[in-house]
Amino acid sequence: MLSLDIVYKASTLLHHVVRHTSLIPSSKVNPACKVFLKPENLQVTGSFKVRGAGFKISQLTDEEKAHGVIACSAGNHAQGVALAARRAGIPALICMPSGAPISKVEATRAMGAEICLVPGVYDDAYARALQLNEERHMTFIHPFDDEQVIAGQGTIGMEILADNPDIDVVFVPIGGGGLASGVAYALKTLKPSVRVIGVQASGAASMVQSRDHNQIEALTSVLTIADGIAVKEPGVHTFELCRTYVDEIVTVSEDEICAAILALIEGHKLVAEGAGAVSVAAAMFNKADIAGKNVCCIVSGGNIDVTILSRVINRGLLKGGRTTEMLIEMPDRPGSLLGLCDVICRYGANIISIHHERNGESPDVNSCNLRIVLETRNHEHINDLHIAIEAAGYAILADK
C-alpha cells in the first residue's frame, strides 16, 4: 500500500539520481494569482518519469536486477527507465511503437537500452513487451499503474511544499494518472487544505470520463498534441487514488495547449511538450477559481518533437491574438488594396501574407476577395481592426 513513508524513502533514494527542480515564480501566466512553475521539463531526461522508474528499479531484488527490466513507451518513460537502469548497472529492453519520434528512440538507445521497434501504435508495443517479458523473465516497469512508480512521482509533491509551504492550488497533468496520483497523495497527506486539480487534454479525457461514470472506462480513440498524456484508459491504482485525492479534473483544448507552450517559450524561455503545458494552460485560461491564490503548475516534460514546434507556435499565436487571418471582400478597382493597407498601417498591424482572389464566390461581380494574415498585439487590437476595416467600407467575410 502507498504510504508517506514510501514517498519519503523514494525521495531519499532518488536524491542523487534526479534534480530538485526549484519553483519558478511567474507573473505572466495569470495576473489574478501568484503562479509558480515546477519545471520538470528541466529534469534529467527532460521529464518527471525518471523519478518513478528510478525508485521502482531501486527496489528490485538482486535476482530481478540480474534479469533486467522491460518497459513500453513512446518517449519519456522509455528514457526514464533507460537512465535508471544504466545507473543501476542492469539491462533494459524498451518496446517502442515504430512511429515514435526518431529523436526519442535515439535518445533512449543512447542511454544504453536495447530498443525493440514494434509495428503499429502504443497498444501493439505494450502487447509485445508483455510477450517478451514472459520469454525473458524480466521485470516490467509500468509507466503509471504501479505503486512504487507512483511513490516516485509523489516526490514532486514533497518538493513543492518544501519550496513553498503556502501553495494553495496545484495543477497537475493527467494521462494514465501516475503523476497525479503520487503528487495528490503526497500533497493531501502533508497539507490537506491544498486543492489538487488534474488537467487532461479534451481529446484524451479518459480519467474525466471514468470519474464521471464512477468506473474505469476506455476511450475508443485519443487525439491530442499532448502525446505524453494521450492515454485511452486509466490504471486500476491510479483511478482509485485520483478519485480519492484529486479534487477536480479539468480539460484544455488544443489551441489552449499551444498558447501555453508559446507563453512558456516567450515568457520564461522554457520549452515544454504538450503534456507538460496543460497545467499552465489550465491556469492561463481560468479553468478553476484561482484568483488571489498561490498556484503551482507542474510542467511535467519538455521533450517536444521539434518538427511540429513551428505548427504549435502558429496555433499559439492565433489563440493568443498575436496573429489573425481574415477573408475580406472589397471592390475590384484600382486603389482598393491601397486603402485597406492604409487602415491596417494606421492601426499598427503588420501584414504577414496576402492572397488576392479575383474569382470569389460573391454575387457582386465587381468585387474580389483578399485573404490576409496579420501580426497583431492581442484580441482587443484585432477587434479594433475589424471595426476600422468595416468602417472603411470593406466586408470581413470570415476570420480566425
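Predicted model: local features only at pLDDT ≥ 70, side-chain atom pairs only at ≥ 80, totals over all residues.
1. Start with strands β4 (residues 92-97) and β5 (residues 114-118), which run parallel and pair over five bridges. If you want a spot to look at, I94 has I115 in β5 as its bridge partner.

2. Next, have a look at T155 in helix α7 (residues 147-163). T155 has a relative accessibility of 2%, so it counts as buried. Its side chain reaches the backbone oxygen of G152 at 2.6 Å. Leaving aside residues up to four places away in sequence, T155 touches V7, A10, S11, L14 and R51.

3. On to charges: the whole structure has 16 salt bridges. One of them joins the side chains of E240 and R243, at 2.6 Å from N to O. Both residues sit in helix α10 (residues 236-245), three residues apart, or about one turn of the helix. E240 is partly exposed at 35% relative accessible area, and R243 is partly exposed at 33%.

4. R322 and E266 also meet through their side chains in a salt bridge, 2.7 Å from N to O. This pair links distant parts of the chain, 56 residues apart: R322 is in the loop between α13 and β11, while E266 is in helix α11.

5. A salt bridge between R371 and E357 comes in at 2.8 Å, N to O. R371 is in strand β13 and E357 in strand β12, so the pair ties together parts 14 residues apart in sequence.

Methods: Residues numbered from 1 in each chain as written. Heavy atoms only, no water. Pairing = 2+ DSSP bridges. Helix = DSSP H or I, 4+ residues; strand = E, 2+ residues; numbered from the N terminus. Buried < 20%, exposed > 50% of the residue type's maximum accessible area, 1.4 Å probe, protein only. Polar contact = N/O pair within 3.5 Å; in protein donor to acceptor, adjacent residues only side chain to side chain. Contact = heavy atoms within 4.5 Å. Salt bridge = Lys/Arg side-chain N within 4 Å of Asp/Glu carboxyl O.
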